[in-house]
Amino acid sequence: MTDTLQACLAHLRLRDPDQPEFHQAAEEVLSSLWPFLQEHPTYLNNGIIERLMEPERVIMFRVPWVDDRGQVRVNRGYRVQMNSAIGPYKGGLRFHPTVNLGVLKFLAFEQVFKNALTTLPMGGGKGGADFDPKGKSDAEVMRFCQSFMTELARHIGDSVDIPAGDIGVGAREIGYLYGQYRRMRNEFTSVLTGKGLSYGGSLVRPEATGYGCVYFAEQMLKQRNLDLNGKRVCVSGSGNVAQFAARKLIELQARVISLSDSGGTLHCADGLSLEQWTSIAELKNMRRGRLADLANAPGMTYLPNSTPWHLECDLAMPCATQNELNGDDAAQLLEQGCICVTEGANMPCTLEAIDRFHEARILFAPGKAANAGGVAVSGLEMSQNAMRLNWSAEKVDLRLREIMHSIHQACEKHGQEAGGYIDYVKGANIAGFVRVADAMLAQGVI
Ligand SMILES: NC(=O)C1=CN([C@@H]2O[C@H](COP(=O)(O)OP(=O)(O)OC[C@H]3O[C@@H](n4cnc5c(N)ncnc54)[C@H](O)[C@@H]3O)[C@@H](O)[C@H]2O)C=CC1
Ligand SMILES: O=C(O)CCC(=O)C(=O)O
């Protein structure tokens, strides 16, 4: 399998032909790692690549539940336990109709490298279901979560596998999932992160992914003696990551000129104010509405069926979902003068888009580095739970900043190119890989 990069990728495609997202994530990682692997043949000779590509375990299960009309519904649930060489499996749960094994394998694979970059002892995993919480009542979501956890509970534990949120799984879902686990096991442990503050959650966990992404962008700009002050930033998405990225950007005097959802883009040419941000957060988190509902709000223009990438901006922060920014979008961003792209979502840019950013020598950071703040603070939530105490928001935020800074340093160290350009993709992949691969080598062929 490992004779050449192309043979390796061809083998993966042949083995699981219906998993294009996983192939894409593998291609991104392996292409940038390949020269390093040639220089360090021990990894290839010990089958590290073959083992990294194959999940340690995949759990797939039926999730039956009853809707508000009394009808029995069935969804498919999953947990991909990808790699536990450096710690228990850790990674979110996604509830979205597009969830399938290939999507979760790509997310779990990315998570392995991301968690290693945080320097905390966490392996990688990801799970979820093809359940769509959109349009469901709270009672339906609760019954679904209880059924999902009834099966998942036998495969997780605070030293085994610690899930958290992702798309479609926020505070409400984590609460229902945690309640069911506690009821079944009769124990109060750190088996999930992203918990509510009243039952073991950490301050700053809800904000951490978005804030961390902005801290990372600050470090990137610093490379070129720039800062966020006055910069126009296109943010996509309007969920957890997008909201808190936008919030921190506003705090740091940047101009957030867009947010989006799957229906379209909200354009705010002057930059979102804190009041506008608050009304959007309330719409999304409390009323679970669509951005189209704000079409007539003052100072904002709603662009139906549109992504934000044609808007004139200095920075782009894709924070919605995978492959939301393609090669043509990248070309448009470059044409409009964008100098920095920081991925808040997991794999939001296609391989073609990344190639364009690299060719143009602009700053580009992959999600596994830039959005690692969320899982990092999940790790801090686990530490606080284990010590049975709570840290202040200031303390958690400071640790988050330090971790994002150290990830940036690791990218700089391993991603240096001729002329001082930093290839953050290469840097993040090599730094994450070495930590996991060395632990695998030390533990023998398992
Ligand atoms: N929540 C977390 O702590 C972390 C999340 N991520 C990643 O960040 C991304 C966003 O996740 P969250 O904000 O947690 O989820 P969320 O469920 O809170 O928000 C998802 C957002 O994406 C939008 N969206 C979904 N599909 C879309 C599409 N096709 N086009 C445009 N918008 C679309 C939704 O409308 C929503 O605004 C995902 O890629 C996730 O894997 C990464 C690291 C941590
Ligand atoms: O906080 C966590 O454990 C998971 C976060 C996550 O799913 C991600 O980093 O993509």
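In what sense do β8 and strand β9 pair, and over how many bridges? The pairing of β8 with β9 (residues 301-304) is antiparallel and covers four bridges. Two strands are said to pair if DSSP finds at least two bridges between them. Helices (H or I, at least four residues) and strands (E, at least two) are DSSP runs, numbered from the N terminus.

Before I continue, a word on the model. It is predicted, so local features need pLDDT of at least 70 and side-chain atom pairs count only at pLDDT 80 or more, while totals for chains, interfaces and linings use all residues. Residues are numbered from 1 along each chain as its sequence is written, and chains are lettered from A and ligands numbered from 1 in the order in which they are written.

Let me return to the strands. G264 stands opposite P304 in β9. β7 and strand β8 (residues 264-267) run antiparallel and are joined by four bridges, and the hairpin between β7 and β8 passes through two residues.

I turn now to the domains. The protein chain is divided into domain 1 (55-185) and domain 2 (207-369); these bounds come from an automatic or database domain assignment. Taken over C-alpha atoms, the centres of domain 1 and domain 2 are separated by 27 Å. Eight residues of domain 1 are in contact with eight residues of domain 2, where contact requires C-beta atoms, placed from the backbone, to lie within 7 Å. On the side of domain 1 that touches domain 2, the residues divide into five nonpolar, one polar and two charged. Here Ala, Val, Leu, Ile, Met, Phe, Trp, Tyr, Cys and Pro count as nonpolar, Asp, Glu, Lys and Arg as charged, and the others, Gly among them, as polar.

Next, the ligands. Ligand 1 is surrounded by 24 residues, the closest being G239, D261, A320, A345 and G374; a residue is near a molecule if its C-beta atom, placed from the backbone, lies within 6 Å of it. Two or more residues of this shell come from each of α9 (240-251) and β7 (255-261), and α9 gives the most, with three residues. Why does ligand 1 lie between domain 1 and domain 2? It does so because both domains give residues to the shell around ligand 1. That shell holds six nonpolar, 15 polar and three charged residues.

Around ligand 2 there are 13 residues, of which G92, A164, D166, V375 and S378 come nearest. The elements giving two or more residues to the shell around ligand 2 are β3 (89-95), α5 and α14 (373-387). By type, the shell around ligand 2 has two nonpolar, eight polar and three charged residues.

The largest nonpolar core has 133 residues, and V233, V235, A245 and A369 have the most contacts inside it. Such a core is a set of buried Ala, Val, Leu, Ile, Met, Phe, Trp, Tyr and Cys residues joined through C-beta atoms within 7 Å. α5 gives the most to this core, with 10 residues.

One residue of helix α5 (residues 101-117) is F106. F106 is buried, because 24 other C-beta atoms lie within 10 Å; the cut-off for buried is 20 or more, for exposed 12 or fewer, with partly exposed in between. Apart from neighbours within four places in sequence, F106 is in contact with E21, F22, Q24, A25 and M347.

How values were computed: Two residues are in contact if their C-beta atoms, placed from the backbone, lie within 7 Å.
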